[in-house]
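Please look over the sequence and the model shown here before reading on.

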Amino acid sequence: MNKSRSRFMIHLAVYLFCFVVWSPFVTADNHASGSAVSYHAQIVPILKRSCQGCHHPGDPNGDLIVTTYAHLKRGGMAGEAIIPGKPDESLIIKLISGDEPAMPQNMEPLSAEEVELFRRWILEGANDDTPDEVDDMAEGNYPTYTVPPVVSAIAYSPDGSTLAISGFREVLLYDTTNFELKARLVGKAHRIESLTYTTDGKILGVAGGSPAQFGEIQLWDTATNTLIKAMRSSYDTVYGLSFSPDASRVAFGCSDQTVRVLSVADEKELIKFDNHSDWVFGTIFSTDGSHFVSAGRDTALKLVEVSTGSFVDDINSSNKGYGEINTIARHPTEDQVLSGGEDRIPRLYKIFREIQRDVGNTDFNLIQAYEAQSGSIEGYAFSADGSQFATGCAGGEARVYNVEDGKRLASVQGDAVGVFAVSFHPHGKQLATGGFDGKIRVFDTASGKLLNAFMSVPIEPAGSEDVALVVTGMT
Ligand code: HEC
């Protein structure tokens, strides 16, 4: 049992202890007061079922909001709808009771028992007994899994000692010598879409977010495994994180069709590039950091100047029907970008144009198009020396190629369903894959031999005492 696991068990034990010791008192207390009406357990379910459909924050006509206790207490146009201790003076009771109740509007009235629950709850003081949200993933309080999570990102640290893997609300760090789980980096973002180390290995950058809520970039100190900062941006999950060469800036793609560049020091948004016409999934910086390249669903590979944030060039000929781009990667030392996606063909481009565009819009920057993959391309990685690259594909295959002559060096089954992420060990002899089935597989790149396969997260048996977070798939 490793350290983090035992810490989890201690928390579980404390939790169970509290439950056993305190629950008799709670019950006794309830009985003594004739069992008070619980807002959380009895009123909220009725509000959710019969009222929330019209009285929620997104409804432009709705004045009263019932989705939180604070809103409900505040009331609507007519002022407070609830006067604690005085049900007969409370507007809400007037509206839900009587022969033809006004609320819920045009719907089946609440039952007499339900109206009575509201009345008693208000008479007893209209108290809020909502339990504190168990949202604080403090150290030791790790997410638990009853089903394997989809792995959307993996990355070897530049020194090769660590393999970082995306989980639900966390990044899991494995020791590459024995593949033991050595640390868990828990944050607020539910989804982790992208993992990337700075070249010096001192910072692990994480991009993700909570769908329809916020995007988040987390920077973790790799020496201490502590969060340096979490930067919020956009209102949705963000993708394709990259660091500028000096690590002073981060770029990432957004579902609102923008690419954003933030300054790491003061978290200021330096660029909000809006020249794409669909979701942006990938960003990379040029080797000198003067430009970035972005790509996504609109099939375009765009070159942008960092100092001005202005569009410079379309790197590919996006009128050729190449399909949506899911992923891009930069050659470790050259200004070359590999793009791939829907049409299964890896294409390597020069980032900077050397030949003038012609009327036929020839793919002038193209260095090489490689053989078609067995499924749409979901993940890429270059080896540290830049001599090879790997692909991860829908269908579960992963392949390794020579960059120079395009020769296929290995072809492996990296996942049962689909590989979403690949990473080369810095010594170049091992490739790790992750994808839909939640397993990490490590292959020998020369022979294609499977060296190791393990579940990316500890799986709890279903029905365990702790809260089970059911993990959903990626987009
Ligand atoms: C089908 C839509 C609908 C449903 C369902 C509904 N309401 Fe309403 N409610 C309205 C509308 C429309 C108004 C008048 C506009 C307003 O005040 O928001 C209103 C007004 C109210 C008001 C007065 C708010 C104010 O502005 O002062 C209260 C209190 C209220 N509703 C309570 C409820 C309760 C409690 C339920 C559930 C048991 C409920 N409503 C279900 C549509 C609905």
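Strands β18 (336-341) and β19 (347-350) run antiparallel and are joined by four bridges, where strands are DSSP runs of E of at least two residues, helices are runs of H or I of at least four, and both are numbered from the N terminus; two strands pair if DSSP finds at least two bridges between them. The model is a predicted one, in which local features need pLDDT of at least 70 and side-chain atom pairs count only at pLDDT 80 or more, whereas totals for chains, interfaces and linings use all residues. Residues are numbered from 1 along each chain as its sequence is written, and side-chain values use heavy atoms, with hydrogens and water left out.

Five residues lie between the strands in the hairpin of β18 and β19, and there Arg344 takes a positive phi near 70 degrees. β19 also pairs with β20 (residues 366-369) in the antiparallel sense, over three bridges.

| Residue | Opposite residue | Strand of the opposite residue |
|---|---|---|
| Tyr349 | Leu366 | β20 |
| Val422 | Thr433 | β26 |

A search of the whole structure finds three cavities of 30 Å³ or more. A cavity is a set of points, on a 1 Å grid over the protein atoms alone, where a 1.4 Å probe fits but cannot get out, and its lining residues have an atom within 4 Å of a point; a volume is the space filled by probe spheres set on the points. The largest cavity holds about 70 Å³ of space, and among its 13 lining residues Tyr322, Ile325, Ser339, Gly340 and Arg347 are the closest to its centre. β18 gives the largest share of this lining, three residues.

## The iron site

The iron atom of the ligand has as its protein donors His55 (NE2) and Met103 (SD), lying 2.1 Å from it; donors are N, O and S atoms within 2.8 Å of the metal (3.2 Å for Na, K and Ca). These two residues are 48 residues apart, with His55 in the loop between α2 (39-50) and α3 (69-74) and Met103 in the loop between α4 (91-96) and α5 (112-123). His55 counts as buried at 18% relative accessibility, whereas Met103 is partly exposed at 25% (buried means under 20% relative accessible area, exposed over 50%, partly exposed in between, with a 1.4 Å probe and protein chains only).

Technical notes: 1 Å grid on protein atoms, 1.4 Å probe; cavity = no way out; pocket = protein on both sides within 12 Å on 5 of 7 lines; lining within 4 Å.
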